[in-house]
Amino acid sequence: MIYEICNFLMQLSETFSFFRLVNYITFRAIMAALTAVIVLFLFSRYFILFVHRRCLLDQVRETGIDSAFDKRGTPTMGGVLIVGSVLCSMIIWGNWRNPFLLCSIAGMLWFGLIGFYDDMAKVRRKSGDSGMSEKCKLLLQGGFALLFAWICVGPYAPLGPELATKVYIPFYKHALVDFGPYLYGLFIFLFLIFVTNAVNITDGLDGLAITPTIFVVGVLGIFAYVEGNRIYSAYLYYPYLRNAGELAIFGAAFLGAGLGFLWYNAYPAQIFMGDTGSLAIGGTMAVISVLLKQEMLFPLLGGLFVSEALTSQIQDKIGVRWIGRRIFYRAPLHHNLQHKGMAETKVVIRLWIVSGILALISLATLKLR
Amino acid sequence: MFFSVHPNNFFHLEYTVVQSSLIVAFVLVFVLLVGLIVLASRRWRRLAESEPRVILTGGGTGGHVNPALAIAEGIKKRDPDTQFLYVGVRGKAEAVIVRRVGYPLVFVSSEGFPGLRPSFRTLRFLCRLSLGVVQSLFILFRFAPRWVVATGGYVSAPIIIATLILQALRLSPTKIFLHEQNSIPGQLNAFLGRWVDRVLLTFPQTLSFFKKNGVVVGYPIRGSIALKPREEAQKDLSFTLPPGRQVVFAFGGSQGARTINRALVDALRHLLPHRDRLFIVHGMGLNQAGGYDAAADTRARLEASFEPEERAMLDTFYYRQDYFHNIGNVYSISDLIVCRSGAGSLNEISQLGKPAILIPKANLPGDHQVMNARAMKHGGGAEILFEDTIVEQGEVLEKLEGGVLAEKILRLLNSPQRLNEMAALSGQFLRRHAVERILSELYQDDSYNNGTGYKSIPFKPLLTNHRLLLVLQRAHQADPMGYNPASAAGDEDDLTYYQHRAAGLLSHEPWQDRNLGVKLIGLTLYREKIPTLLHMLSDTTPTSWIKRCFGGDFKQVGFIRRNIVQALQILDQLDPEVERHLLRAMEDPYFEVRSQACIAAAHFGPQLVGKDNWLQAVIQRLKDSCFEVSVEAGKAVGEIGVDHRALDVLLQLKESHYWQVRDAALKGIKRLLERRVIAPSPELLKQIASFILTTTDFRPHFSIKETYQTLQKLCRERESENVVYAAPEILPETALRKRMS
């Protein structure tokens with residue numbers, strides 16, 4: 001909004017030339033982050049009260065871990081706060097003609113809505129285990145993934161036709177291989193579904209999902225800034241993506257919202273993000289990393305999410321269902337650590353440290369190529 | 001294409017001569033067919049109104065055929081001119097039984113429903129059924145029946161479907177009556193039942209399946225099955241009955257039951273000493289299909305287990321035949337009946353008021369035979385023996401020990417008073433006059449409408465395996481010491497059946513089933529199966545290589561072995577054999593088995609105290625690579641340690657990486673102290689002071705939640721007490737002022 005107004009005023013007369021500040025991405029990014037935090041702080045108390053009064057509380061889930069017992073009754077659906085404040089901030093500071101921004105916001109909203117329905121179903125049926133059915137969830141996620149994959153490889157690709165189906169890997173300068181539209185489309189489809197569900201699985205302890213998200217989105221924002229800047233991208237041998245800078249602003253807004261949310265979500269949590277939050281975050285991260293050509297960096301950058309998802313799936317699908325034994329003591333990863341005798345706070349902080357280190361290593365790939 | 005249309009001229013059609021003549025021929029044939037069908041249908045209507053004609057169908061086993069014959073008998077008595085046609089499937093029970101009764105018999109093609117999963121058998125089923133339907137259409141047009149009386153089984157499916165089609169096309173005036181013998185309807189009956197005119201039910205509880213068109217009538221029994229005086233009944237028998245004998249009649253339905261046949265032959269060995277006061281009549285059954293030839297198998301078993309001279313002795317008190325057509329006479333002479341608990345047998349026994357030993361067939365849909373047997377036992381007319389599932393030479397078989405059967409037979413025969421009592425109660429068991437009720441339905445004339453005069457069957461459905469597991473687990477968790485599975489699962493009989501059903505699971509192919517079976521055997525306290533459990537526990541047959549690539553090890557997967565150890569602990573019976581296997585489990589490749597074995601060692605602690613090999617094994621486990629195992633081993637050492645050796649190894653754990661291990665070591669030391677193995681001393685205090693006490697875990701203390709929970713608990717307790725509380729007196733202001741003044 002402000003971006004449009006300022007540009008309009010600058011066209012009108014020379015007196016408003018100081019508004020060219022809005023054309024600097026760094027300025028808008030910082031302002032977006034601040035706006036997001038402020039919006040979140042303004043509304044969070046009322047939101048938590050509202051959620052509590054409507055009894056939208058976390059329901060008991062059969063995890064077999066003692067501490068899970070204490071958690072029921074915590075207000076959930078904090079994802080609405082995150083998504084809402086990011087959206088407010090982007091409405092004020094974003095350039096809504098930018099295809100990158102539109103794609104990311106569409107992803108965030110779509111996945112957020114899926115999560116919202118899931119949360120509502122859980123509350124309504126009074127059981128943490130019986131939300132939306134697995135099949136239905138996957139179908140809705142798959143629907144968006146399909147659409148997005150088509151956008152990415154199809155005629156409206158925001159990256160332009162020559163870059164659209166190429167794949168970059170970390171620590172290597174040039175595009176490694178051209179997958180071709182079908183294979184790359186399939187890859188994007190699976191990647192989206194995997195990442196969203198990974199964040200969903202990670203969101204099991206107070207503050208466990210949101211801090212790594214801040215790291216990941218922050219690093220992706222830096223990548224967006226570099227790739228959207230002609231000089232830096234040339235210097236660091238990245239493909240120049242003309243509109244990608246907008247994603248740095250979006251990432252900053254997300255980072256701000258995440259920080260604000262952590263204020264309330266840190267142990268012991270006053271609100272959970274619920275599926276609304278975890279699916280929205282997952283969807284956003286997946287979409288941004290695909291748009292920035294950093295999908296191969298994600299296993300490293302979001303290594304925490306990936307390992308949580310893998311442990312959970314290996315334990316359940318291969319171990320318990322198929323070969324009939326436990327492969328890990330417990331799954332996913334954070335429950336395993338808890339089972340080994342670490343308190344929740346300790347597990348969470350250690351995993352933050354791990355994800356911070358991973359983010360640093362990923363940031364190093366900017367130059368180490 | 002028969003013709004082509006020119007795009008320019010729509011009305012310009014081109015025919016060739018051949019094409020047009022073909023069309024004409026088709027139309028002619030079609031018209032002719034329709035005309036024929038209409039004519040046939042008019043003839044049908046005329047015939048059905050003038051002459052009573054009835055198609056009987058149903059079969060596969062005698063339990064389906066006999067009710068049909070009983071209904072036919074009833075119709076014939078009321079309307080002697082009635083013509084009958086029996087429609088059956090070749091080679092089944094009806095071929096033998098119906099021929100003998102003398103009704104004209106035709107065969108159609110049909111097959112049992114193989115289940116919803118698409119397979120080759122589904123295809124064959126569909127082909128045979130369609131062929132059967134076409135055959136049935138011809139039969140129907142030719143015979144022109146007024147009613148179709150079907151008694152279920154897949155045999156009756158084609159004729160019912162054909163009639164339903166014709167009814168839908170309004171070509172047939174026929175009414176369909178479907179009789180369901182069981183409390184849980186068969187698949188085809190349940191499916192077709194919703195469209196037929198009336199479903200005649202044996203059990204009131206079946207009404208819930210056929211709310212629209214069901215009526216409860218009972219089980220029709222043939223007039224020939226009536227109690228006759230012994231002397232009279234004896235005349236018509238195919239064997240001579242020596243005087244002064246007690247007669248036991250054992251049979252497994254018209255098709256025969258392998259379990260009963262084999263158990264009876266085995267039981268003969270035990271009955272042989274009583275041959276001068278007993279007479280055993282054995283109906284072997286007609287079955288020859290499915291790899292089991294009842295007669296041949298019985299003969300072979302007899303020859304295998306008895307010497308020729310013994311067989312001569314057998315002949316003095318044992319008679320066998322494949323099927324008794326005059327079964328009423330055999331019933332009449334017998335003092336005790338051993339049979340399956342199908343609705344047919346049960347009703348016949350009840351009709352004649354005979355005591356019975358019932359051997360229900362397990363794992364049928366809804367467990368209906370078990371339910372029948374259970375109901376009859378509640379009524380007091382029967383006793384139950386359950387068959388066991390065993391693996392013999394790689395083949396899964398149901399088996400009943402001959403000795404058990406013989407013992408039960410002898411015990412009942414030795415107390416005539418009990419027999420008489422059972423006979424009296426058996427006679428009151430089921431509703432009578434089913435035939436009359438059915439006739440009243442057929443003729444629609446309310447000729448018999450007596451809805452009372454029967455004892456309704458107590459109906460409490462049996463639990464499914466998963467449900468049972470939940471119920472038992474909850475009961476066991478609530479009170480492990482006073483755990484009584486019988487009261488949790490129902491009564492003793494139910495528990496016995498559940499035990500046998502659980503044992504049956506052990507031979508299933510998917511490991512999930514075996515796992516469930518193992519858990520259930522433990523929780524139902526089925527101690528007889530301990531040897532099987534032990535065998536499974538130490539079974540090291542490797543699983544498929546692909547599973548081994550992912551970490552699988554043996555065919556009896558890790559969960560099964562862990563649950564076996566747990567079950568052994570619940571079964572709480574430590575003999576040398578169990579001990580040996582538990583010791584082996586201590587070295588199992590799967591960590592959960594090892595830790596469960598340590599838990600078991602702690603559980604059996606009092607019995608293991610002083611056994612050096614156990615102490616050694618548990619101490620070994622303290623250094624296990626999995627901390628879970630070390631934790632349980634530490635606790636176990638506290639239970640079975642007898643000297644300073646135990647204390648020393650526990651003290652060595654003071655710097656262990658995992659706080660749980662250190663905690664377990666301290667707990668172990670505490671137990672040693674409590675058991676007075678070691679004495680509290682300043683020295684010990686110094687030793688435990690060197691334990692690392694820092695930990696990575698703690699328990700949070702949410703004071704507000706705790707207060708809330710105490711309040712909640714208080715409210716719940718008081719709620720049940722029903723105390724009347726005085727309402728605090730709040731006076732209105734005026735009253736207050738008045739009081740002041």
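Guide: Chain A gives 23 residues to the contact and chain B gives 30 residues, where contact means heavy atoms within 4.5 Å. This is a predicted model, in which local features need pLDDT of at least 70, side-chain atom pairs count only at pLDDT 80 or more, and totals for chains, interfaces and linings use all residues. Residues are numbered from 1 along each chain as its sequence is written, chains are lettered from A and ligands numbered from 1 in the order in which they are written, and side-chain values use heavy atoms, with hydrogens and water left out.

Visitor: What is the area buried between chain A and chain B?

Guide: About 2300 Å², with 55% given by carbon and sulfur atoms. Buried area is the accessible area (1.4 Å probe) that two parts lose on being put together, summed over both. Trp322(A), Arg325(A) and Tyr329(A) supply 27% of what chain A buries against chain B, more than any other three residues.

Visitor: Why is Glu308(A) called buried?

Guide: Its relative accessible area is 0%. Buried means under 20%, exposed over 50% and partly exposed in between (1.4 Å probe, protein chains only), so Glu308(A) counts as buried. Glu308(A) lies in helix α13 (residues 303–323) of chain A; helices (H or I, at least four residues) and strands (E, at least two) are DSSP runs, numbered from the N terminus. Leaving aside neighbours within four places in sequence, the contacts of Glu308(A) include Ile201(A), Pro332(A) and Leu351(A).

Visitor: Is Gly344(B) buried or exposed, and what makes it so?

Guide: Gly344(B) has 10% relative accessibility, and therefore counts as buried. Gly344(B) belongs to helix α12 (residues 343–352) of chain B.

Visitor: How are α5(A) and α6(A) placed relative to each other, and how do you know?

Guide: Helix α5 (residues 99–125) and helix α6 (residues 134–153) of chain A pack at about 175°, with axes 10 Å apart. Axes are lines fitted to C-alpha atoms, for helices over the stretch in contact, and angles run from 0 to 180 degrees between N-to-C directions. Under 35 degrees counts as roughly parallel, over 145 as roughly antiparallel, 65 to 115 as roughly perpendicular and the rest as oblique. α5(A) and α6(A) are therefore roughly antiparallel. Among the residues making this contact are Trp110(A) of α5(A) and Phe144(A) of α6(A).

Visitor: Where do the buried residues of α21(B) lie?

Guide: Ile530(B), Leu533(B), Leu534(B), Met536(B) and Leu537(B) are buried in α21 (residues 530–537) of chain B. Seen down the axis of α21(B), they fall within an arc of 160°, so they line one face; the arc is that of the directions from the helix axis to the C-beta atoms. On the other side, Pro531(B) and His535(B) are exposed.
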